[in-house]
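Visitor: I would like a close look at one residue in this assembly, and then at how its surroundings compare with other parts of the model. Please put the model up before we start.

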Amino acid sequence: MGTIVFFIFAILSIAAAWMVVTSKNIVHSALYLALSFSGVAVLYILMNADFLAAVQLLIYTAAVSLMVIFAVMLTLRGDICESNTENKSWFAGALVSGLLFVVIGLVVFTNADWRVLAAPWTSGGSAEDFSLLLLTRYMIPFEAAAVLLTVALVGAVILAKGVNESK
Amino acid sequence: MFKEMHDLFQWAWLIPFLPFLSFLIIAFVTKRSKRLSSTISILAILSSLSLAVAIGLGVIQSGEKIVEHPAIVNVNWLNIVGLQIDFGTIVDPLSAMMLFVVTLVASMVQIYSLGYMHGDEGFSRYYAYQSLFASSMLGMVLATNLLQLFIFWELVGLCSYLLIGFWFFKVSAREAAKKAFITTRVGDFGLLLGMLFLYVKFGTLDFVALSAAMNTNIQDVAVIGTAGYVTVMAFLVFMGPVGKSGQFPLHVWLPDAMEGPTPVSALIHAATMVVAGVYLVARMFFLFDHADPMALQFIAGLGAFTAIFAASIAIAQDDIKRILAYSTLSQLGYMMFALGVGSLTASMFHLMTHAFFKALMFLGAGSVIYAMHHKQDIWEMGGLWKKMPITGTTFFIGVLAISGVPPFAGFWSKDEILAHALHNGHPIIYGVGLFTAFLTAFYMSRLFFVVFMGPEKKENHPHESPWSMTIPLMILAFFSVFGGFVALPEHNFAFFIHYGTFHHEPIAWGLAGISVVAGLLGIGLAYATYIKKAISAEKVAAQYSGIYKLLKNKYYVDELYLWLIHHIMDGLAKILYWFDIYIVDGVVNGLALITRGSGRVLRRTNTGQLQTYAMVFFFAVVIIFMVFAFGEGQLSALNPLATLGGVK
Amino acid sequence: MIGNFSVGLSTYLLVGAMLFCIGLYGVFAKRNIIAVLMSIELMLNAVNINFIAFNRFIWNEKIGVNYLLTGHVAALFVIVVAAAEVAVGLALIITIYRNRQSTDVDDLNWLKW
Amino acid sequence: MFNITTVLTPEIALAVLSLSLLAIGLLIPAGARKGMMPLTVFSLMGVLGYTLYDFFYGPEAAFLGGLYMHDQFAVYFKILFLAAALLVVLSSGGYVQKLPKHRGEFYSLLLMATLGMMLMAGAGELITMYVGLELMTISFYILVAYLAEDARSSEAGVKYLILGATSSAILLYGISLIYGLTGSTELLEIASKLSGNLTPASLLATVFILAGLGFKISLVPFHLWSPDIYEGAPTPVTAFLAIASKAAAFAVLIRVYLLTMNSQTFSATGQTLLFVLAAITMIVGNLIAIPQTNIKRLLAFSSIAQAGYLMVGIIAGGISGIKGVIFYAMIYVFANMGAFAVATLVAEKQGSSEIKDLAGFWHRSPLATVVMTASLLSLAGIPPLAGFVGKFYLFSAAMDQGNVAIAYIGFVMSMISVYYYLSVVKVMFLAEGDGLPEVPVHGAMKFTMVFTMLITIAIGLYPTPLAKMAIAAAQSLF
Amino acid sequence: MTALPTVSSMSMLLPFTLLAPLAAMLLIVFLPKEETKTIKIVAAMGMLVSLVLSLYAFLNYQWEPGGMQYTLTIPWIPDLGVNLALGVDGLSLPMLLLTNLIGFASIYASWNIDKRVKEFFVLLLILIAGVMGTFIARDLFIFFLFYEIVVIPIYIMVIIWGSTKRVTKEYAAMKLTIYLLIGSAFLLVGMVALYLAAGANGNPTFMFDQLSARQDLYSPAFQKVAFALMIVGFGSLISMFPFHSWSPDGYAGAPTAVSMIHAGVLKKIGGYGLIRLGIYVLPVGASFWAPYIATLAVISVLYAAFIALAQKDLKYVVGYSSVSHMGYVIIAVAALNPTAATGAVGMMFAHGVMAALFFSMIGFIYEKTHTRNIADLGGLAHQMPRLAIGFMIAGMASLGLPGTVNFITEFTIFMGVINVLPVHAILGIAGIIFTAVYILRTIANVLFGPRRAEWDHLTDIRGPELVPLVIFGFVIFFAGIFPNVLLGMIDSGVTSSGLAKVLETVSQAKIGGLF
């Protein structure tokens, strides 16, 4: 059962990702991106990361994709079907990324040194533990992340607002 | 008596010092005042002359003691590890004689110059140079060691350079000065080397010490190496005199040196400086004596060759001063071969007499030139005897002296040289010498007849020179007439100046007769040709035009040298310069170009395309990983690179 | 819970690697900056898969609540950062669009050499 | 036991300061915002003073279970960042004044970036490090593109964002692999777990991390972004980017390298590889700098080369090598800051950063010319300026480890670098700047220039105090 | 160090000597730039103080104990073992004096500068102080520091006040700078290697004498490599073939004062370094490389002399001539014996004085006629007799005329060399002929010959312009006539510094020579 679910969603998210990068239509790409994110969220659930799956859905699938679509709308010119073409050197890009994939794949498969659990743990890892961890052990990055988001907020405003509207 | 004499000799340093002082005073103080400058200079040289005379008399009085033990005063000059040099004065008969000759001629020339150089723009400068020259020359004479001698040797060279180029606005003078310096430099190169080798082997350059060291160590191979070493040093040292005394093949500068003022030619290029080489060989005679006999033979041969070579050129020259210059060369050859045949005495004797009569003739020539308003071609002159009786007479005395007509000075010295040549077993040299004597008489008489006899030229308006010029002529004429008598046994020149053990030799009157005949023949031939016109000089010249041209053009030696300098030396210089700019510097610029060029090429990697950047980035990641994963062995092989140079 | 299945760590990692490389391809090949940005998001997602998979499958000697969820924490921060990046990125894209009237990566070549 | 807040005071102060600057920007009307820069400056001075005190007298501790380090190494780098930030703020007064809008936010973002750097320097754990890095980087994305109306600035921002995000993706991938291999993200634990054999996975992780950090320090071949971004960014931002961001990345690299890479058995190969990379970095950086015509771009390539020099110290390792690196990083701040202050001045007064616009600068602004010359020569390593001593430390450390070749390359390349530095000097001294405006230097800018030059000369003449600090900092790592 | 108490009480002498020009420089910095006269006077005063102090040091130096005197040692960078150690001995004192002589004269040679006067003298004083520092340093680090300090002022001075002839001044300046810096890069590697090797016993040092005392720490292989690096560094500084090509171009491009200082003293740092650092510290390496260096040196001598023959620009003639003359110094260094070493230092002094005089005279010629092309000049002795005298003195010194200091130093060199490297010596001595040729040609073509109307408007050198002529002329002849003042001093340096002992040990195998 889990295997089937895994494969369905794994293939789904990979295929969707593939469509993101191959689609000629930027809007389609954005939608496929949301799809891919959702598929990944399911994989999270498969790996007992329920909370993160929720986060993934909320932030990525919803917020990010939405923002992307907004941006697309704001910047779209000309024919939407040709809005997302490949550049001249796409083949070289394919080669390099393919090469990297081969490398990573080989490493992943040949490596016997992952510290695999004898039996997967099932307890712990609740959102409660998680939040505790964030506020104690990972307090500093957590606070920094807050600042980071502020920065992003301010920055986005500054950049997007630009100069002209201020007058 | 000796003690007092020694006290006198201690003051010998004043002889060069006084003119030097005068040089300094003129150069820094009285330059602007011509009269003051010349007065100071002449006073200085006259004082030196009187001191020299005093010392000369002292030497004669000291007699045997001074011959055996020269009076030497030394002060330390340089004292470092591996090089100890003293400066000092040596008073012995040889130097005393030279002091007298030099100061006398210098005084005469300086007095003479009062008239000759009158009105010249550089009058003070002239006297400054004269003083410096006198000082250097006298310093050289008094030198106690080879380095000191060399230093003054070079300084007289400098003065020669300055005085030849005295009229520096004349291109010919400027070139002649340069030529003189460079040519003598070639000889100095050898002298310097010889000096270094001497010091290396004997640890001293002091004449006395060197001589002693040679006498004791000459057989000791361990100390000085093989006997050939001394010979090599002898040859090297001899190179100096070859340059300085104008021996073939470095004689070329001397005729050109006539571009200087005539009194200068008289002093430097006839009487004193050019004989420095002879003097040096005489001083260093022990070296040549210890060397392989080949060395002395070589000197004799070269001297004889120069004598006849220069004499033959003199026949075909037209310039009054050039004739005298070649004559000087020829006489220097005489002195040199006299040394070569082993007669230090004869050589020095001839040096002295020659100084008198050659200075006389040069000054006479100067007087003529002065009268002729700086014309120098003998064919433009003629019949000057009547207009210039003093000059003519004194000049004639000079001619007779150089031709070896008794009882004039040249007769004694020349005869002694020839006698020694034959006596010491050099018949060929003797023959050459004799023939040269004939040639000398011929061309000197030719000069005299053409200039002073014969018809007057209308365009000339000669007149006798002022007293300042004629008095020195007369004094020198006096010495030219009577200077030879010192060789008479009762004056014992040979006792004072000799090498090795002294044994008195009577004058060989038979041989003397032969040389007198040769001289008279020469005069007679000239008389027949130029006065009686019995032989047409033009016809002879036409008949042997090849030889005439060869002689007239001085055997094309100058041309050869010019060709060598312009084509070989300058050519090489240009090639090397090319090499320097385009190869040596080219490599440097090339490297710079490669550096800049690679910068220019490499900057194209920054295409501005961010996707290219990203691709490069990830490709590099993959490559680095690959290198790590698969190339570990190879990479480690690169490790020696890390310790390149092996400093650590 | 869905638990109890036989899909191994390597499989997850492979999925991650695939997503990563697809995203990378997108970064290399797409002309539209927004698409490039999306591709980057894919890459970050792939990393998150890695983190969570490792968190799920590996063990640490120091078993305890502090060490159980490191991967999750990491993933959470990545998500946060990615979101911030997207926000700034999109704002930037708008700026560049305003300046150049284009979102084509190839046009971003004023600065070079 | 110590109070966590005392240890974190600088960070907290910075966060508070930057947020209050934001708040001030919102609350006070645009016309009345005069005191933002002085406020920033004095606050930074205070923080810097405290940090200096902290360096000498503060406790040394790793807290939160080793997640965050408060050793002298970290504090040393904090001093560096704060000094850099202070100097940038001081020198950017006039420049910011000319910005059409969002002046206060500029300082705020600068401080946030500084905060991120501090986190990086202190991080004893990869997640914290990553967050700090992103905090810094994202602030920089914004700052680089700050001239919203300038297409070049925007272009630089976009380029930086995309390449930076990609590089952090690969860095993250590497971190994830490390996590997978060791089950931890804490450096100390990673070190103990990784000390075994080299496996493909650990290698891959190492290479990925190296690439991610190499991007930040612009190590060749990960350097391609930096000239473009440096050129396009506002000049003060370029300065900060070149100085502090690089130093922060080095701080991380030193920790990571010392604790992970160096402890592995692949150190021989790894060293050779780093060696080659460092050599290439020095060569490429210096060579490409030669034909540059833009001062910022030139300084970008120069700073690439400087990264190569710094790598030499890391390769040499040991206290002496690390000492060399952090010593050099500090003097690099002042030398580069001097140069960038002048570049800022030119950008401010002439709106240009082309070298040819420096023509006749000697007449127009003698002080700036002298400062520029001194700074460039310090970068080139000409005594008696600080750069010479710095290079001496670096290369003597490398040679002590037997890496003589790198010393040859380093010294020769640094002499070649004189070529392009002098080209700038030549333009300033020789060229006639007819028609170009007078460039007076006043106030904070003048202070910055004089101060950086004095420090550069002072350290060059008497490096001992800084060297002692650097040794202490380096020792705290071991 | 056996510095006597009486001597060490004057330990502030050298710092003051060094600081006097710097103080003058600081004063000038605060003078308004219109006050050109004041600036020049201040600069001259500063150098005068320095000159007087160094003269005092020279005369007051105690030959008897010898060794380093007027020493001052302040620990400076403890973690590197660097000491601010100053001091002079018989080797460095003549160079110090030379620096001050030339420095002082160069101020006057630049008296007519009217373009950016203030900057010129500021840079010039820095330059002089830097050069001075190298000679009084007893610590390698300090030595190197001072050496590199001077490179940049020179660059700036050349590009601003230089002249463009065959090559542009920018090119010449850059070439000079980069060439020397790259040479110094190798030197730096060698220096670091030496430092590390000497610090192997855990007690790092840069002091020359201590570096030298730690012979047992340097393996022969190390010595060879390290010395090779010294050759590259110092060899390019002293313009040894084939590293010489910067020098003629550089001198041609540089303003007078820079040419004077560069050819006069800066170049000598190379020779001084080879002796002080090369031979003294790395004798084994030196003896390994000596034959090669000697060969290169002989090539320098002859090659440069020949090239000088083909030159048309006055400064190029002197530029190549200085390459040629430096060849003698290098031969002397390669000969590895005390006599030659004495000669080498003496020659550096002599050549320095000569070259400075030459360049100052050429500077005046160029200043007045605006040309240095030999073919365009001629007969200048008519209009400028005093200048002609200076030119002549320089020329005569250059060709090693006895009576000038150049002769006796050359002679000392030959004396030291001929025993060890006879063939090299003979070839080198042959160089004096060619030197004579090009020097006399130059003199003849520039000074002599017919009067040229176009130079009739020229005025002779006078007033301050005479200072270089007077100073150098005096030194050339005084030291030439009383050489023991100079060479005896150097000799005491060679023996008391331990150099002689070092040389004795390395050269023992070489005694024997040609015959």
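Does Tyr556(B) count as buried or exposed, and how many C-beta neighbours does it have inside 10 Å?

Guide: Tyr556(B) counts as exposed, because it has 12 C-beta neighbours inside 10 Å. The terms work as follows: with C-beta atoms placed from the backbone, a residue is buried if 20 or more other C-beta atoms lie within 10 Å of its own, exposed if 12 or fewer, and partly exposed in between. The model is predicted, with local features requiring pLDDT of at least 70 and side-chain atom pairs pLDDT 80 or more, while totals for chains, interfaces and linings use all residues. Residues are numbered from 1 along each chain as its sequence is written, and chains are lettered from A, ligands numbered from 1, in the order in which they are written.

The backbone at Tyr556(B) also deserves attention: its phi is near 60°, a positive value in a residue other than glycine. Most residues other than glycine have a negative phi, and most peptide bonds are trans. Tyr556(B) sits in the loop between helix 27 (545-552) and helix 28 (557-602) of chain B. Helices (H or I, at least four residues) and strands (E, at least two) are DSSP runs numbered from the N terminus.

Asn48(A) counts as buried, because it has 23 C-beta neighbours inside 10 Å.

Chain B has a further backbone feature in the peptide bond from Phe248(B) to Pro249(B), which is cis with omega near 5°. Pro249(B) falls in the loop between helix 11 (227-244) and helix 12 (253-256) of chain B. In chain D, the bond from Pro383(D) to Pro384(D) is cis as well, with omega near 5°, and Pro384(D) belongs to the loop between helix 17 (366-380) and helix 18 (386-400) of that chain.

Helix 8 (residues 151-182) of chain D has 32 residues and spans 45 Å from its first C-alpha to its last, close to the 46 Å expected at 1.5 Å a residue; the expected span is 1.5 Å times one less than the number of residues. Of those 32 residues, 30 are buried, so helix 8 of chain D is largely enclosed by the rest of the structure. Gly183(D), just after this helix, takes a positive phi of about 75°.

A turn with a positive phi also occurs in chain E. Strand 1 (residues 69-77) and strand 2 of chain E pair in the antiparallel sense over six bridges, where pairing requires at least two DSSP bridges between the strands. The two form a hairpin with four residues between them, and Gly81(E) in the turn has a positive phi of about 80°. Within the pairing, Asn83(E) in strand 2 is the bridge partner of Pro75(E). Strand 2 (residues 82-88) of chain E is mostly covered, with six of its seven residues buried. Chain E as a whole has 22 helices and two strands, and 71% of its 515 residues count as buried.

On the contacts between chains, two residues are in contact if their C-beta atoms, placed from the backbone, lie within 7 Å.

Of the eight pairs of chains in contact, chains A and C share the most contacts. There, 77 residues of chain A meet 67 residues of chain C. On the chain A side, helix 3 of chain A gives the largest share, 12 residues. By class, that side has 53 nonpolar, 20 polar and four charged residues. By contrast, no contact joins chain A and chain E, whose closest C-alpha atoms lie 37 Å apart. Chains C and E are not in contact either, with their closest C-alpha atoms 24 Å apart.

Definitions and conventions:
Nonpolar A, V, L, I, M, F, W, Y, C, P; charged D, E, K, R; others polar.
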